[in-house]
Amino acid sequence: MSRRWLIALSVTAHLCILTGVFISGIWRLERLEGGPPRFALAVQPPPPPPAPAGARKAPPPPNIIPRVPRRVVTAHRQPVTQMPPLAAASSPEQLESSGPATDSDGPVAATCTENCAPGPAAEPVCGNGSVEAGEQCDDGNTASGDGCSATCRIEIKPPPPPATVAPGVLAGLRTSGQTQVHPDEVTQNQMIRDGAGHVEAVVKLCISADGGVGSTRLLVSTKYPAYDAALIAAVASWRYQPYRVNQTAVAACSTVRFVYTIQ
């Protein structure tokens with residue numbers, strides 16, 4: 001047998017083997033997909049025995065229709081509770097001891113029916129740093145002398161005391177006013193009868209920062225009231241230039257001496 005025939009025979013054998021393997025694989029797949037055959041056996045119940053002659057025919061079974069329960073949706077509403085009238089109490093302690101009103105849903109908010117005004121406001125506390133009702137200031141302390149008193153009132157700082165100056169200095173600042181003041185005729189006659197040919201008076205006066213006479217006071221009297229009054233009235237009408245300290249106008253006080261001689 002030649003070599004060509006051997007090759008042809010070998011190829012034919014291999015083709016047959018491959019064809020057989022392919023067919024066997026397809027058959028196994030069909031068995032796996034199909035599975036074993038299933039059989040369903042239906043057993044029909046036997047018919048009921050015939051009813052005897054003359055017997056009443058049984059009524060057919062009732063046609064029972066299942067009832068589907070209805071779902072009732074209830075809207076929730078806020079319960080309205082009627083408050084009973086408050087019983088009369090002889091004291092607030094009895095009302096407090098009775099406790100809060102309740103119902104089936106819990107405590108019920110109390111309703112005020114008498115004396116419903118708010119309670120008295122808290123008293124202001126002076127010195128807490130907060131200006132409260134009735135206070136003019138509050139600097140956080142209760143010390144006086146710092147502009148806010150111990151009772152939280154604004155303190156007005158007193159002006160500095162007037163400067164005391166020499167009579168000649170104050171006389172040099174006078175701009176107007178009558179300096180020659182004579183007693184009236186009645187006083188002069190009285191002085192002549194008394195033999196008082198010489199009388200003196202000393203008046204203390206204080207001027208304000210604007211130069212006006214702020215106050216007058218009689219230090220030495222002439223012993224004649226009418227003449228003393230005339231001297232005080234004359235001094236009160238005088239006018240001065242402001243007295244200055246470090247270019248600042250301040251009040252100043254001094255004295256004026258009057259001498260009257262009868263010739």
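Reader: What makes Arg174 count as lying over the face of Trp238?

Author: In this predicted model, Arg174 is 4.7 Å from the ring centre of Trp238. The cut-off for a charge over a ring is within 6 Å of the centre, along with a limit of within 35 degrees of the ring normal. Arg174 is therefore described as lying over the face of Trp238.

Reader: How do you know whether Trp238 is buried or exposed?

Author: Its relative accessibility is 3%, and buried means under 20%, so Trp238 counts as buried.

Reader: Why is the pair of Trp238 and Phe258 called tilted?

Author: The ring centres are 6.1 Å apart, and rings pair within 6.5 Å. Their planes stand at 40 degrees; under 30 would be stacked and over 60 edge-to-face, so the pair is tilted. Trp238 sits in the loop between helix 5 and strand 7, and Phe258 in strand 10, so the pair ties together parts that are 20 residues apart in sequence. Phe258 is buried too, with a relative accessible area of 9%.

Reader: How many aromatic pairs does the structure hold?

Author: There are 2 aromatic pairs. One of them joins Tyr227 and Tyr260, with ring centres 5.8 Å apart and planes at 70 degrees. An angle over 60 counts as edge-to-face, so that is the name for this pair. Tyr227 belongs to helix 5 and Tyr260 to strand 10, so the pair ties together parts that are 33 residues apart in sequence.

Reader: Why is Tyr260 called buried?

Author: Its relative accessible area is 12%, and the cut-off is under 20%, so Tyr260 is buried.

Note on methods: Residues are numbered from 1 along each chain as its sequence is written. This is a predicted model: local features need pLDDT of at least 70, side-chain atom pairs count only at pLDDT 80 or more; totals for chains, interfaces and linings use all residues. Side-chain values use heavy atoms; hydrogens and water are left out. Rings of Phe, Tyr and Trp (its six-membered ring) pair if their centres lie within 6.5 Å; planes under 30 degrees apart count as stacked, over 60 as edge-to-face and the rest as tilted. Helices (H or I, at least four residues) and strands (E, at least two) are DSSP runs, numbered from the N terminus. Buried means under 20% relative accessible area, exposed over 50%, partly exposed in between (1.4 Å probe, protein chains only).
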